[in-house]
Structure formats: C-alpha cells, structure tokens
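Please find below a note for a reader who is new to this structure. The points are numbered and may be read beside the model.

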Amino acid sequence: MPRPAPDRDPGLQPERTRLAWRRTTLSATAMAALAARQLLRSAAPGPVEVILAALTGLLWIAFVALAHRRMRAMVTGRPPALPPRTALLLVGCTLGLALCGAVLLVRPGH
C-alpha cells in the first residue's frame with residue numbers, strides 16, 4: 001500500500017518565495033526612483049517626461065500592492081495558486097515599468 005505524500009514543508013519554500021517577492025519589489029522601487037531622478041534632473045521636462053514619470057509611479061504602486069497581497073498569502077502553509085488575472089496584472093506592470101524606463105532613458109536631448 002503506497003504511503004500518502006507528505007505535505008510540503010511550510011517553512012523554507014514560502015520564506016524563499018517571500019524573499020524573492022521582496023527583491024522584485026525592491027527592483028521595481030529602484031526603477032521608479034531612477035525615473036523620478038531623471039525627471040528631476042531634466043532642466044525643462046516636457047509633457048511626455050511628466051506623463052511617463054506619473055505612469056511609472058502608478059505602475060509601481062499597483063505592482064507593490066499586488067506583490068504585497070501575494071506575500072501575505074505566503075504566510076499560510078499552503079498558499080493558494082496565483083490567480084491568472086493577478087499574474088497578468090503583474091506582468092503588465094513589469095512590462096510597463098520597463099517600457100517607461102526605456103523611453104525615459106532614450107529620449108533625444110535628455
């Protein structure tokens with residue numbers, strides 16, 4: 001008779017995942033701070049720069065909020081699966097942050 005599969009260790013794996021989420025939010029925070037720095041260092045920021053910086057801030061807030069919700073879910077021994085909608089929102093925030101950062105860096109004359 002086969003033995004039942006043991007429940008997973010509730011200690012280390014969720015902790016590693018929480019730490020990975022924290023590192024990711026730290027990276028997003030650094031990117032948002034660099035975008036703000038780019039805007040502040042510009043002698044006369046145009047409307048495109050201001051809109052991109054504001055969009056970067058909004059994307060950062062959304063990303064941190066979603067990541068924080070996921071980190072709180074990791075407290076349980078067996079967290080629920082990441083909902084597809086949340087995963088798509090996180091991917092969208094990440095791509096949006098990368099796109100905003102790239103455009104802010106390659107703007108001609110800045």
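1. The expected span of a helix is 1.5 Å times one less than its number of residues. Helices (H or I, at least four residues) and strands (E, at least two) are DSSP runs, numbered from the N terminus.

2. This is a predicted model, in which local features need pLDDT of at least 70 and side-chain atom pairs count only at pLDDT 80 or more, while totals for chains, interfaces and linings use all residues. Residues are numbered from 1 along each chain as its sequence is written, and side-chain values use heavy atoms, with hydrogens and water left out.

3. The protein chain holds three helices and zero strands, in the order α-α-α from the N terminus on. Of its 110 residues, 28% count as buried (buried means under 20% relative accessible area, exposed over 50%, partly exposed in between, with a 1.4 Å probe and protein chains only). Among contacts between residues at least 6 apart in sequence, 80% join residues at least 24 apart; contact means heavy atoms within 4.5 Å.

4. Helix 3 has as its buried residues Thr 86, Leu 90, Cys 93, Gly 96, Leu 97, Cys 100, Gly 101 and Leu 104. These buried residues pack against helix 1 and helix 2.

5. How do helix 2 and helix 3 cross? Their axes come within 9 Å and cross at roughly 150°, which means that helix 2 is roughly antiparallel to helix 3. The contact includes Leu 59, Trp 60 and Phe 63 of helix 2 and Cys 93, Leu 97 and Cys 100 of helix 3. Its residues divide into 15 nonpolar, four polar and one charged. Here Ala, Val, Leu, Ile, Met, Phe, Trp, Tyr, Cys and Pro count as nonpolar, Asp, Glu, Lys and Arg as charged, and the others, Gly among them, as polar. Axes are lines fitted to C-alpha atoms, for helices over the stretch in contact, and angles run from 0 to 180 degrees between N-to-C directions. Angles under 35 degrees count as roughly parallel, over 145 as roughly antiparallel, 65 to 115 as roughly perpendicular and the rest as oblique.

6. Helix 1 covers residues 12-41, and its 30 residues reach 43 Å from first C-alpha to last, close to the 44 Å expected. Among its buried residues are Trp 21, Ala 28, Met 31 and Ala 35. The buried residues of helix 1 pack against helix 2 (47-73) and helix 3 (84-106). Ala 30 also lies in helix 1, but is partly exposed, with a relative accessible area of 39%.

7. Helix 1 and helix 2 pack at about 165°, with axes 10 Å apart, and are therefore roughly antiparallel. The contact involves, among others, Arg 18, Trp 21 and Thr 25 of helix 1 and Trp 60, Phe 63 and Arg 70 of helix 2. Twelve of the contact residues are nonpolar, four polar and four charged.

8. The axes of helix 1 and helix 3 come within 10 Å and cross at roughly 30°, so helix 1 is roughly parallel to helix 3. Trp 21, Ala 28, Met 31, Ala 35 and Gln 38 of helix 1 meet Leu 90, Leu 97, Cys 100, Gly 101, Leu 104 and Leu 105 of helix 3. This contact has nine nonpolar, two polar and no charged residues.
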